[in-house]
Amino acid sequence: MFDNQYEQLRIEKSKNLASIGKSPYPHNITRGIPTTEFIKKYDYIQTQENKRDESKSEKVIGRIKFLRLMGKAAFLKIEDSHGLLQCYVSQNALGDWFVDVKKLIEVGDIVAVEGFPFVTKTGELSLNAKSLELVTKSIVPLPEKFHGLKDIELRYRRRYLDMIMNQEVKSNFIIRSKMIKEIRNFFDDKNFMEVETPMMHEIAGGANARPFVTHHNSLGVDRFLRIAPELHLKRLVVGGMESVYEINKNFRNEGMDHTHNPEFTSIEFYQAYSNYKDLMRLTEELFDHLRKKLEIEEIIEYNGKKVNLSTPFKEISFKNALIEIGEIDANILKDTKSIEEFLKSKKIDFKPGLSRAKLYEELFDNFVEKKLINPTYITEYPIEISPLSRRDDEDSSIAQRFELFVAGSELANGFNELNDPLDQYDRFLDQINIKNSGDDEAHAMDEDFVRALGYGMPPTAGEGIGIDRLVMLLTNSTSIRDVILFPAMKPVANEDTIEVE
RNA sequence: GACCCGUUAGCUCAGCUGGUAGAGCAUUUCCCUUUUAAGGAAGUGGCCGUUGGUUCGAAUCCAACACGGGUCACCA
């Protein structure tokens with residue numbers, strides 16, 4: 001660790017500072033004013049004749065990003081979370097300490113500078129330092145000042161360094177933070193209650209996905225990291241929380257790519273005595289709210305495509321989407337055999353023996369999903385691929401469900417919750433059969449959940465929205481890694497493995 | 001999982017048809033009190049991702065593997 005030649009040199013400097021009574025890591029530091037405020041506050045100096053105001057004194061703290069030494073004076077640019085400020089330090093002002101500063105303070109260190117505002121010959125408003133104190137010594141050198149850190153892998157693995165070197169990466173995360181805050185405000189204003197349900201589940205349910213397994217030592221049992229909060233949130237509706245939501249992580253033990261991180265954030269919300277149509281309207285309202293609060297245009301660009309976010313969103317049934325958007329002949333949809341022939345003619349691989357609903361899903365994924373650019377609700381899903389949603393009263397093969405697609409991918413999934421405990425029990429049994437026939441992502445039986453429904457869950461509609469995908473859409477990010485601060489990465493062979501002598 | 005591309009100094013990158021490693025920045029020493037990627041002079045710095053193979057000789061050619069990026073597939 002820290003055995004690189006440059007790091008060794010910096011550690012030497014750090015020790016030298018300590019030896020002359022300058023702690024490399026002092027902790028009695030008080031904040032000054034932000035760099036941007038300094039620039040705003042003293043803008044008037046530009047208009048003054050002597051271009052300086054020695055009667056003023058300000059303290060600014062930041063990391064040294066540029067350092068230009070010139071014998072008995074130096075310019076340094078320091079950066080805080082707001083921006084950059086140029087400071088001028090000289091031997092006249094600092095005395096003997098300046099000699100040590102020249103030798104021991106360098107780019108990457110965090111310093112506190114105090115002095116008066118002035119404008120340099122080249123016209124830049126700067127701080128003329130009367131004092132400079134080390135705040136934190138940096139012993140790992142920063143990447144090159146001009147090209148910065150470009151290596152995408154390093155940027156994800158060392159996000160802190162990415163943030164130091166690339167100020168703009170923070171903007172996505174600022175938008176993300178604001179967005180989540182506004183989602184909370186939106187639901188709180190509608191009298192929803194925010195809750196936290198377990199991350200460690202006895203039975204991982206609520207979605208079709210493989211879970212991560214962990215172990216509880218004192219109980220001596222394995223636990224699953226949750227794949228969805230759904231079944232717990234519905235238990236809360238049974239218990240009397242008529243409007244609840246949870247914004248939190250889910251974990252799915254599946255492949256990673258630019259739209260999938262093994263841990264991701266979603267919001268799920270449930271509202272008793274409302275139906276999925278109400279939630280479709282609520283979702284539109286939420287989009288309008290976010291656009292307004294985050295000042296996002298009605299028409300945004302995502303991955304080179306124009307996306308019109310104006311409400312209400314388009315709405316089309318699952319089957320009609322196959323015919324009208326997927327441009328699949330309605331006759332093909334009539335039986336499994338002709339669908340299979342159609343898929344083969346399009347050279348699409350599929351597992352043999354799929355049901356018609358599963359084949360529909362195949363068709364949807366291949367011919368419809370990517371064409372759904374402007375927000376579109378797909379409704380009337382086959383019941384078989386909707387094991388937790390209520391059947392339609394007129395057509396029992398159809399679920400009272402919708403999914404929202406934007407820019408070619410799914411963003412939200414909502415439906416009238418199945419509250420018939422016997423039907424739910426049978427659907428779990430069906431899922432178990434599906435699981436036994438090889439689909440290890442089918443649901444497991446959750447008897448406690450069925451029991452909860454047995455006590456009576458009021459008619460309820462629920463919905464989940466993928467937060468990461470939503471941030472991607474609103475920040476025009478094509479990789480989920482650009483909206484997750486510390487995205488999952490494969491471990492890399494560690495050269496610094498500690499050797500035991 | 002398949003295919004394509006990448007991996008060379010701390011960082012950003014050159015390195016042709018094989019002949020034994022380069023630049024800029026950073027860093028070290030020196031000069032320099034208004035610079036803007038400051039400037040000038042002289043240095044230091046490399047398991048060329050890993051492991052094999054071909055060859056008199058490999059950063060370079062071949063293979064496998066690792067990690068990353070992209071496209072597709074799978075998956076919500």
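Glu 410 is partly exposed, with a relative accessible area of 30%; buried means under 20%, exposed over 50%, and partly exposed in between, for a 1.4 Å probe and protein chains only. This is a predicted model, in which local features need pLDDT of at least 70, side-chain atom pairs count only at pLDDT 80 or more, and totals for chains, interfaces and linings use all residues. Residues are numbered from 1 along each chain as its sequence is written, and side-chain values use heavy atoms, with hydrogens and water left out.

**Glu 410**
- The UniProt record, an unreviewed entry, places the feature "binding site" at Glu 410; such annotations may be inferred rather than shown by experiment.
- Strand E17 (residues 409-416) contains Glu 410; strands (E, at least two residues) and helices (H or I, at least four) are DSSP runs numbered from the N terminus.
- Leaving aside residues up to four places away in sequence, Glu 410 touches Glu 369, Glu 403, Leu 404, Phe 405 and Arg 469, where contact means heavy atoms within 4.5 Å.

**Barrel**
- A barrel is closed by 5 strands in the order E1-E2-E3-E5-E4, with mixed pairing; two strands pair if DSSP finds at least two bridges between them.
- From one strand to the next, the twist averages 50°; axes are lines fitted to C-alpha atoms, for helices over the stretch in contact, and angles run from 0 to 180 degrees between N-to-C directions.
- Helix H4 (residues 97-104) packs on the sheet and touches E1, E2, E3 and E5; the direction of H4 makes about 75° with that of E5.
- Strands E4 (residues 110-119) and E5 (residues 125-136) run antiparallel and are joined by 10 bridges.
- Pro 117 has Leu 127 in E5 as its bridge partner.

**Domains**
- Chain A is assigned domain 1 (5-142) and domain 2 (169-326 + 368-482), with bounds from an automatic or database domain assignment.
- The C-alpha centres of domain 1 and domain 2 lie 50 Å apart.

Technical notes
Chains are lettered from A and ligands numbered from 1 in the order in which they are written.
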